[in-house]
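Subject: Structure handover

Hello,

Here is the structure to go with your reading.

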Amino acid sequence: MISLLQEPRFDYVSPSDKAFIEAFDGEMTRLGYNFGNNIGDGFCWGKHMLIYRKTGVKSKKVYARIYLRDEDIVLRLFFSGIDKHRAYIEQSPAHIKEAFTSDFSQCNHCHNEREDGTCKFRKSYTLDGMFYERCNGHTFWFFQPKIEKLPDYVGLFTEFYKPRKHNYGDCHARYARK
């Protein structure tokens, strides 16, 4: 990862964002996920993008992405079954909860909605007694993630994707504020 981010094409990424990417990649590697050593085109999300998938499986399911943009980075995590994890999310710090409750990803019942009112791109869940409908194209974005918040992102990730015991270490100890 370090050598990849040192390539001139990534000169626009700040040192603190590079540090976050390296730390996040280390945690994801420990948990059994990788980006395939490829930082690809970011398409409409940014200049470049890292896509994390489970290591050693044929499935192309995406678990996380990091969008590298001109001015910052965005961490995006992919979740389903939000209601099953309601208690965890409701007790999470504001910077975690915001990804589930902000207006950024609000569903506008666009052209993808079927006649019966369903949409395969909609995420619906309840947090703190409030019902949310979110568009899957914009869900669970963490804008300008910081390395000191990495334990919270990893904690949320492992809430949804339980780690194998031998891959999981103490992220809080590694990234605690000093």
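Strand β5 is largely enclosed by the rest of the structure, because five of its five residues are buried. Buried means under 20% relative accessible area, exposed means over 50%, and partly exposed is in between (1.4 Å probe, protein chains only). Helices (H or I, at least four residues) and strands (E, at least two) are DSSP runs, numbered from the N terminus. This is a predicted model, in which local features need pLDDT of at least 70 and side-chain atom pairs count only at pLDDT 80 or more, while totals for chains, interfaces and linings use all residues. Residues are numbered from 1 along each chain as its sequence is written, and side-chain values use heavy atoms, with hydrogens and water left out.

In a regular strand the side chains alternate between the two faces of the sheet. In β5, I73, L75 and L77 point one way, V74 and R76 point the other way, and all are buried.

Which strands pair with β5? One is β4, which is antiparallel to β5 over five bridges; two strands pair if DSSP finds at least two bridges between them. A64 has L77 of β5 as its bridge partner, and a hairpin of four residues joins β4 to β5. Another is β8 (residues 141-143), which runs antiparallel to β5 and is joined to it by three bridges. Here R76 has W141 of β8 as its bridge partner.

Next, the helices. Helix α5 is also largely enclosed by the rest of the structure, because 10 of its 11 residues are buried. Among them are L150, P151, Y153, V154 and G155, as well as F157 and F160.

Helix α4 (residues 94-101) packs against helix α5 (residues 150-160) at an angle of about 50°, and their axes are 9 Å apart. Axes are lines fitted to C-alpha atoms, for helices over the stretch in contact, and angles run from 0 to 180 degrees between N-to-C directions. The two helices are therefore oblique to each other: angles under 35 degrees count as roughly parallel, over 145 as roughly antiparallel, 65 to 115 as roughly perpendicular and the rest as oblique. On the α4 side the contact (heavy atoms within 4.5 Å) is made by H95, I96 and F100, and on the α5 side by D152, Y153 and L156. By class, four of these residues are nonpolar, one is polar and one is charged. Ala, Val, Leu, Ile, Met, Phe, Trp, Tyr, Cys and Pro count as nonpolar, Asp, Glu, Lys and Arg as charged, and the others, Gly among them, as polar.

How many salt bridges does the structure hold? There are seven, a salt bridge being a side-chain nitrogen of Lys or Arg within 4 Å of a carboxyl oxygen of Asp or Glu. Three of them are listed here:

- E27 and R30 have their closest N and O atoms 3.2 Å apart. They are three residues apart in helix α2 (residues 15-31), which means about one helical turn separates them. E27 is buried at 1% relative accessibility, whereas R30 is partly exposed at 32%.
- K47 and D70 meet at 3.2 Å, N to O. K47 lies in the loop between β2 (40-41) and β3 (48-54) and D70 in the loop between β4 (64-68) and β5 (73-77), so the pair ties together parts 23 residues apart in sequence.
- K162 and E159 have their closest N and O atoms 3.6 Å apart. K162 is exposed at 60% relative accessibility, and E159 is buried at 19%.

Regards
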